[in-house]
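Let's take a friendly walk through a model together. Have your viewer open and follow along.

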Amino acid sequence: MKVLLTNDDGIEAEGLRRLAEAFRERHETAVVAPDRERSAVSHAVTLRRRLRPVRLPGPDLAWSLDGTPADCVKLAVHVLLPWRPDFVVSGVNRGLNVGIDVLYSGTVAGALEGTAQGVPSIAVSVEAFRPPDFRPAARFARALAESLEACGLPRGAALNVNFPARDPAQILGALWTRQVGSLFRDTFRVETDEAGRPGYCLEGEINAVGSLEPGSDAWAVREGYVSVTPLGIDLTSCGLLREIRDSLPSLGSLRKSFDGA
Ligand code: MN
């Protein structure tokens, strides 16, 4: 396979290096990643400024880019790569991307951008209470991509993989999961500057982990499984659309709000 790798921890990150090592063994591998850490930039793209890729020496086709993960995938697919990738893999991120954090994640956005370009894509993250071993997650991502080689992924889908911080021998297996809830409660640390003006730093506290819903991504990781969640670039919730159509007033009655004076 021809595989494009990216991340949001930056081109120098160990997780990306481990991912490249795993894929290079068996596949044609290219890397296009941000030149610095761009965690939590979500699906941002760079407008009104030139992106300047820098070609890097080494065993893979590789560029660093002064942009976001989504920029990296777009430029790779449309400009940099001499071939169209069969897969985009984003990671291995240092830290989980489960629950609401999926919305902020640059790692997940890298994969979703691959999907938006019509390429099946996988995001991979590892739990990181202490410096994690990225290699098991990198090998799992490769095996997952290989297992999908024949059938691909449904149109518009990406897979979000989260790996527990355990010795691989203690990992119970892999489960299909749902993205659910939040692991964190938002808190702000207040810091006052020399002029006495308050500034606020987002910190967050871990929520009561006992209340995690079975079948969710965070629950699976806590129980010792690799969590694999299908995500879609279409954010419409079909379940909510049904519920809202059934329970809320028809929007037809709002016609008169813009009708005439
Ligand atoms: Mn990150």
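This is a predicted model: local features need pLDDT of at least 70, side-chain atom pairs count only at pLDDT 80 or more; totals for chains, interfaces and linings use all residues.

Residues are numbered from 1 along each chain as its sequence is written, and side-chain values use heavy atoms, with hydrogens and water left out.

Start at the manganese ion, which is coordinated by Asp8 (OD), Asp9 (OD), Ser39 (OG) and Asn93 (OD1) at 2.1 to 2.3 Å. Donors here are N, O and S atoms within 2.8 Å of the metal (3.2 Å for Na, K and Ca); water is not among the atoms, so sites may look incomplete. Along the chain, the donors of the manganese ion follow the spacing D-D-x29-S-x53-N. Asp9 sits in the loop between β1 (2-6) and α1 (14-24), and Ser39 lies 30 residues away in the loop between β2 (28-34) and β3 (54-56), so this pair links distant parts of the chain. Helices (H or I, at least four residues) and strands (E, at least two) are DSSP runs, numbered from the N terminus.

How accessible are these two residues? Asp9 counts as buried because its relative accessibility is 18%, whereas Ser39, at 29%, is partly exposed. The cut-offs are under 20% relative accessible area for buried, over 50% for exposed, and partly exposed in between (1.4 Å probe, protein chains only).

Now move to α1, where Gly15, Leu16, Arg18, Leu19, Ala20, Ala22 and Phe23 are buried. They pack against β1, β2, β5 (87-94) and α4 (135-147), contact meaning heavy atoms within 4.5 Å.

The axes of α1 and α4 are 8 Å apart, at an angle of about 45°. Axes are lines fitted to C-alpha atoms, for helices over the stretch in contact, and angles run from 0 to 180 degrees between N-to-C directions. That makes α1 oblique to α4: angles under 35 degrees count as roughly parallel, over 145 as roughly antiparallel, 65 to 115 as roughly perpendicular and the rest as oblique. On the α1 side, Arg18, Leu19, Ala22 and Phe23 meet Arg135, Ala138, Arg139, Ala141, Arg142 and Ala145 of α4.

Finally, look at α2 (residues 69-80) and α3 (residues 106-116), whose axes come within 8 Å and cross at roughly 25°. These two helices are therefore roughly parallel to each other. Pro69, Ala70, Val73 and Lys74 of α2 make the contact with Gly106, Gly110, Glu113 and Gly114 of α3.
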